[in-house]
Amino acid sequence: MKKTIALLPGDGIGKEVVDVTVDILKAIAEHFHHQFQFNYGLIGGDAIDQKGNPLPEETIRICKESDAIILGAVGGPKWDQNPVELRPERGLLALRKELDLYANLRPIKTFESLLDSSPLKKEYVNGVDFVIVRELTGGLYFGKPSERIVHEGEDAVVDTLLYKRYEIERILVSAFEIASKRRKHVTSVDKANVLESSRVWREVAEEVAARYPDVTLEHMLVDNAAMQIIRSPRQFDVIVTENMFGDILSDEASMITGSLGMLSSASLSSGGLHLYEPVHGSAPDIAGKNIANPVATILSAAMMLRQSFGLEEEAKAIEKAVDNVLNAGNRTADLAEGGKFLTTKEIGEEIKNALADDHAILNIMEAYS
């Protein structure tokens with residue numbers, strides 16, 4: 001298989017975790033006889049510094065000419081005082097709009113070897129396996145107007161929450177499709193006791209649910225959902241929600257796994273060009289120190305192999321290698337709890353070695369089968 005992958009390392013630790021992930025993908029290509037071509041593009045603060053634009057046209061072109069996209073992270077205090085249009089995050093939001101990356105999937109699944117790393121009690125997080133489906137191109141993050149104004153003679157500010165009906169419907173359909181292949185339960189999260197947008201959301205959810213009679217729909221207010229994710233996370237199968245609620249809840253849910261550095265994600269488009277990225281941010285305080293956890297990015301690459309390329313065996317190989325390395329007691333700084341830890345590059349090498357070991361065993365088994 002020949003595939004072209006756009007790489008957008010971005011800012012902070014984005015470069016470090018993407019570099020390690022590329023090494024893993026090169027190992028996969030070697031073991032399974034694929035050809036992956038990597039094309040680099042600028043985004044975020046790095047793009048502002050080099051091109052004066054958080055999302056240069058060249059980056060858009062590179063993405064559109066690729067089969068999938070891997071993103072590192074964007075942002076940092078260096079650009080905090082920039083005008084709104086020259087903030088790193090604007091590049092990411094613009095890319096989501098440009099490619100219509102409307103559905104963000106964030107799997108929340110615990111590793112048995114990391115149960116003690118979660119701040120929650122082991123008996124609460126053991127066996128957790130759910131997916132947060134977040135609407136990604138609407139809501140408060142994209143509504144207009146969004147500006148500072150003068151209201152009744154005083155300084156004020158307005159943000160606009162706008163959703164078109166089709167935007168709500170398509171994200172709900174995505175959630176029901178995913179649930180139909182899992183445990184057939186959708187929890188739709190909103191704030192229908194206060195917001196009109198949430199009341200419309202519930203109406204559309206009921207309409208979509210009627211098309212999936214084998215999937216159970218449950219409505220939950222966002223404040224209750226935030227509590228239930230901590231109190232009883234095993235109850236969830238698929239959570240679907242709007243943009244801002246999904247942003248907050250998925251970061252909260254990362255603590256179930258022990259670290260943001262373990263959370264992968266996929267942003268799916270209507271046209272089939274999907275983007276894969278870790279949930280964590282650019283972490284400028286540790287950038288360049290070679291201590292960032294690259295596992296979230298590596299697992300995002302596994303999602304890419306499965307979702308975009310249909311390479312199930314290769315995706316499972318990466319996931320198994322990560323699991324084996326963690327089971328052996330290897331930890332990055334975010335999971336070491338003050339003890340000995342491996343650097344970003346070292347954990348990447350361990351995962352790559354685990355891939356090679358598993359592949360060698362597989363070849364021996366095939367030779368004698």
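What is the volume of the largest pocket? The largest pocket has a volume of about 900 Å³, where a pocket is an open set of points on a 1 Å grid over the protein atoms alone at which a 1.4 Å probe fits, with protein on both sides within 12 Å along at least five of seven lines. The volume is the space filled by probe spheres set on the points, which are joined across faces, edges and corners. The model is predicted, and local features need pLDDT of at least 70, side-chain atom pairs count only at pLDDT 80 or more, and totals for chains, interfaces and linings use all residues. Residues are numbered from 1 along each chain as its sequence is written, and side-chain values use heavy atoms, without hydrogens and water.

The lining of the largest pocket (residues with an atom within 4 Å of a point) comprises 29 residues, and P107, V131, M303, R306 and E319 lie nearest the centre. Strand 4 supplies the largest share, seven residues; strands are DSSP runs of E with at least two residues and helices runs of H or I with at least four, numbered from the N terminus.

The second largest pocket holds about 600 Å³ of space. Its lining has 23 residues, with V74, E89, L92, R96 and D247 closest to the centre. Helix 4 gives the most to this lining, five residues, and helix 9 is one of the elements that give two or more.

Helix 9 spans residues 243–257. Helix 9 is followed by G258, with a positive phi near 105°.

Conventions:
The expected span of a helix is 1.5 Å times one less than its number of residues.
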